[in-house]
Every structure is written in structure tokens, then in C-alpha cells.
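Please look over the sequence and the model shown here before reading the report below.

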Amino acid sequence: MMMLSFSMRRKLRRPALLLMMLLAVVAAGRVFFWLVAEDQPTVAAAAKRQSGETEQERQQFLAGLGWAVDPEPVEILEVVIPREFDETYQHYNQIQEEQGFDLTRYRGKRCARYSYVVHNHPSGEEAVRLNLLVCSGKIIGGDVCSMGLNGFLHGLAYPAAISEEPQSS
């Protein structure tokens, strides 16, 4: 009778070591990209650090972005994020995604929209509103828009410079 015995230890040592090294490289890469992402602040990153449950918290968040708004909202509305996004809402969510938010995870949810009068928009326009979306005390998005006829709409980040379109005479 013949007995066979196999030892896998030596053969498994090298692949196990390679696997551990690969996992260490992947973990280091994730940490690196996480740190780099933190160095490039987004509006959503600022919102994660700041709750939007109270008026004071919302005011601190907006001031941190550079906005000067009235101390109280001019309008508070309950809004429902639609389950299906039409073209308009897809465009609006694209603006949200550009600032680090994403409304798709809030489809069908009820939220509050706080609208504030803006006093320091770089365009100099006076009829400017800032809309802040808050769901369960968490800031989930927002925009700054002109109430004028040929108005504008952009994200919550304070614009460094507004380029004015040439006016025809």
C-alpha cells in the first residue's frame, strides 16, 4: 500500500503573500483617493459636515459658502422629489451632481425647500433667490436662481466671477 502526502504550504506562501501585497496596495490607493477627495471640497462635503435641521444650521452652511441671505426664508414649501425624472428634473439633478449631491436616492421622498433672498450675488442682480433642499434634517441639494425674465440657475457654490453676456443695442 502506497501513501501519498501533499504539502501545499510552500506553494501557497507566494500567492498568499502576493494577495496580501495586492490588498495593501488597493487599501493604500483608496486612502490616497479619499484624502485627495477631501482636499477638493464640494458643496455636498460641506453639507455633510453641517446639518440643515435648524435655521441657525442652515444660515451657518450658507454663510460658509459665502452667501449673504435674509435671516429667515421668504418661503418654506414641502416638495416631493418625483419618482421619475422628466427632462427638467434630469437637468436639475445634473446641477446637483456637479456640486456633489444626487437626488436620485430621494425619489418619492418629501423634503422641505427653504427659499432665501440673496443680497450678494456677483451679478449685482437684486431679484436672486437661494433654494435649499432639506430632507430629514439633512441638506440634500439646492440652487441659486434669478427671478428675472431672462434669469439664471446655478449650484450653491459662490461663483468667483460671473461673465456677463454682451448686450445688443
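This is a predicted model: local features need pLDDT of at least 70, side-chain atom pairs count only at pLDDT 80 or more; totals for chains, interfaces and linings use all residues.

Residues are numbered from 1 along each chain as its sequence is written, and side-chain values use heavy atoms, with hydrogens and water left out.

Helices (H or I, at least four residues) and strands (E, at least two) are DSSP runs, numbered from the N terminus, and two strands pair if DSSP finds at least two bridges between them. Five strands make an open antiparallel sheet in the order E1-E2-E3-E4-E5, with E1 and E5 at the edges, each pairing on one side only. E2 and E3 are joined antiparallel over six bridges, and Tyr 116 stands opposite Leu 130 in E3.

| Strand | Residues |
|---|---|
| E1 | 75–80 |
| E2 | 110–117 |
| E3 | 128–135 |

A nonpolar core is a set of buried Ala, Val, Leu, Ile, Met, Phe, Trp, Tyr and Cys residues joined through side-chain atoms within 4.5 Å, where buried means under 20% relative accessible area (1.4 Å probe, protein chains only). The largest such core has 21 residues, and Trp 67 and Leu 130 are among those with the most contacts inside it. Helices H2 and H3 and strands E2, E3 and E4 each give two or more residues to this core.

Val 118 lies in the loop between E2 and E3 and counts as buried because its relative accessibility is 2%. Its C-alpha atom is separated by 6.0 Å from that of Ala 68, 50 residues apart along the chain.

Methods. Buried means under 20% relative accessible area, exposed over 50%, partly exposed in between (1.4 Å probe, protein chains only).
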